Structures are given as C-alpha cells and as structure tokens.
Amino acid sequence: MNRSRQAALNAGAAVLTLVSGVIVLTEPAYSAEPSSNGHGASTHQQGGRDDTAVYAAARIQYSGAVAKDGSAGNVTASDVNWTPPPCWYAPYLGAKDFKKKMSAQIESAKNTPGMGGTAGTAIGEVQRHYEDDYGWTDTPGYKDYNVDKDGEGMFWAAVENPDEPDILKRSSCTELPFWVENGDTPPARYKEAVTPQILAALAYQRMQLPDTKVTLAPEATTKVNLPTWAWLDKAVFDEVQATASLDVPGFAIRATTTAKPVSLTLEPGTADAETFPASGECAINADGSIGKPYAKGDAGRTPPCGIRYLRSSGNGVFKLRATITWQISWAGTGGAGGDLPDGTFGTTQDVTVQEIQSVNR
C-alpha cells in the first residue's frame, strides 16, 4: 500500500468515525419471532444508526435454534483459539443512495474543527476517490459515485460484530466502501467480505442449544455409596440447526450450521464421588441415546453412565453438571461446507445425597 492510499484510508476512517459512524455498520438492531422448533428465534440483524432504512439491504437474517434477542447463544467452542469474525464487509447502498450519504459525510468532516492540514488533504483524496475517478494500484476510483451504474451493483462497507468484546478487532475492517457488480463476488483482496463460511460462523455464535437435564435413578434423592444411574433418551436431545442468510439484489448467500450431540460429561458437584465411566464422559449409543435407563433388577449392577456419591450432601445439595458435547458442521450456498469446532453446553441440577439409615433391633 503506498503512502497516498494509506493516508486516504486513515482519512476515510476519520470521516466514518467523526460523523456518527454511519458507514461502518455498528450497533445492529434486532427483531425476533418464535421459531418452529421451539429452541430459538428468527432474528434480523441490521447495521447502522440512521433512521432512513436505506441500508436495510445489508441485513443478515438468522433462523432456527438461535438466541431470541439476536445476541450470542450458549455454545462454548472446544477450540479456545477459534473465534467468529470480529467484522466483515457486506452490501451497503446502491450508487445514488451512497452518493447522497457519503458526500454529506465528507462535507461534514471537511467542516469539522481540526480537520485541516494533512487530515484535510486526505479527506480531499477520499472525495476525489469517489467523485473524480482517483484510485490506487489495486483500488480503482469512481466517477460521480458510479451513479450511472445505479441498480447494477452496490457499494459494500464494513460491519462490526456487536458480540466481539475486543474493540480493536471489531474495528479492524478499515477499507473504504467499495463497489461490487450484481452477481459478482468482491475482489479477492477483501478477505473479510461476507461468504457462506462467515455466515456459518455467525450462526454458530448465535446458536442456542437446548438445556440438558439427565434422567436419574434414584431421582433427585439418592444414598451414599448407591450407584445413581443417568441417561438421556434420543427424543430429549436431537441435532439442532441455525441458519444465517443474506439476500440483496444480485447477491444472495446462506449457510446452515448443524450441531449433533456426541457425548455427555457428568460432573458430580463434589470431589467425594465416582463417575461411571471413570472419565465421566458417557458416549452416545447406536440408537442416539446416552446411558441406559434403570430397570428393576439393576440395583447391584454398575451403570454404564452414572455416579456414586461417597458422602452425604448434609442439609444442602450437590450441583450435578451435565454437559453435552456437540459435533458442529456447516453447509452453504454453492455446495460449500465443512466442520467447525465442537461445541459444549451444560446445565446443573440439584441432587440430594442421604446416609443409609440402619435399624437397630
């Protein structure tokens, strides 16, 4: 990148930041409706702080097993180094609307106190970039904001992920808004341009997995040194899906992220306990269930999935935590697809453990 282009990008960032952050699509608004599977909601994400709704086309729609308010779901990725994209580029405005918006912001920035000197010169270069066909080696300029091509494409702009806590990462998509013809994909150098894979990661981030309450025998109250059987029927937990889609004129993509349960991990809530198996991880059975339901005559047997408490809970309870590990994959537009890191989600339930009472005769 040459110095002139770097200066223009810095100025562009100043333009976009100083005038209410309109181009960088931050602070998304959400609406939600109940989903058909009862696990989540249908949500719509829309960037920006403007009240004209002229950039509603840059909306990502979420459906299926997703958090109802459009925020992050309850999945924890097993890979601590994996994170959803902190920002991306998405369709923003058609040529005429973009000219109206951007030219007004540039004029406002030019008239902002302290924007003279180098900053003022750089803002002038941004203006030339969109008005006078002024470009750089890998960044073509535009004549009058491409208004003669209105309806044939859109300007794309940065979108910040509202669930990314690191502000530096969230604001790292610093390229000036760029033009993409309808039906075309963005130039390869815009690596953060939205793709089915990015949508899959965003669907993962918003996925809402069902609570995990295992069936116990004895139920809720057990005895010291008595094996407690634990199991989950297939009907209690099944694979869930979350979908993210983006549909604007000339550009429509989608991705569905699927989570499939593969194992159950039991944490007794006290160190004075044994788990079955010893690892505490109960594998999924061939029929999709986990563990084995207790049946009459099993009292003297070791459960394939369960716990033996070695002391009583006294006047309180032990917090048994049951965590499901989910194998997560995705499939998207154009046959794209692959694996995402396994996810986990667990819930706790109270278990009362009593001493076995002996009777003296």
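Start at Asp138. Its relative accessibility is 41%, so Asp138 counts as partly exposed. Here is the scale: buried means under 20% relative accessible area, exposed means over 50%, and partly exposed is in between, with a 1.4 Å probe and protein chains only. Keep in mind that this is a predicted model: local features need pLDDT of at least 70, side-chain atom pairs count only at pLDDT 80 or more, and totals for chains, interfaces and linings use all residues. Residues are numbered from 1 along each chain as its sequence is written, and side-chain values use heavy atoms, with hydrogens and water left out.

Which residue forms a salt bridge with Asp138? Arg189, with the closest N and O atoms 3.7 Å apart. A salt bridge here is a side-chain nitrogen of Lys or Arg within 4 Å of a carboxyl oxygen of Asp or Glu. Asp138 sits in the loop between α3 and β6, and Arg189 in the loop between β7 and α5, 51 residues apart. Helices (H or I, at least four residues) and strands (E, at least two) are DSSP runs, numbered from the N terminus.

Arg189 is partly exposed too, at 26%. Arg189 also has a salt bridge to Glu175, at 3.3 Å from N to O. Glu175 lies in the loop between α4 and β7, so this pair ties together parts that are 14 residues apart in sequence. Glu175 itself is buried, at 18%.

Now another pair. Arg301 and Asp298 meet in a salt bridge of 2.8 Å, N to O. Is Asp298 buried or exposed? Buried, because its relative accessibility is 3%. Arg301 is at 49%, so it counts as partly exposed. Across the whole structure, the search finds 11 salt bridges.

Next, helix α5, residues 196–206. How many of its 11 residues are buried? The count is 10, so to speak a mostly covered helix. Among the buried ones are Leu199, Tyr204 and Arg206.

Over to helix α3, residues 117–131, where we find Gln127. Gln127 is buried, at 15%. Its side chain joins that of Lys110 in a polar contact of 3.1 Å.

Last stop, helix α2, residues 95–110, which holds Asp97. Asp97 is partly exposed, at 36%.

Definitions and conventions:
Polar contact = N/O pair within 3.5 Å; in protein donor to acceptor, adjacent residues only side chain to side chain.
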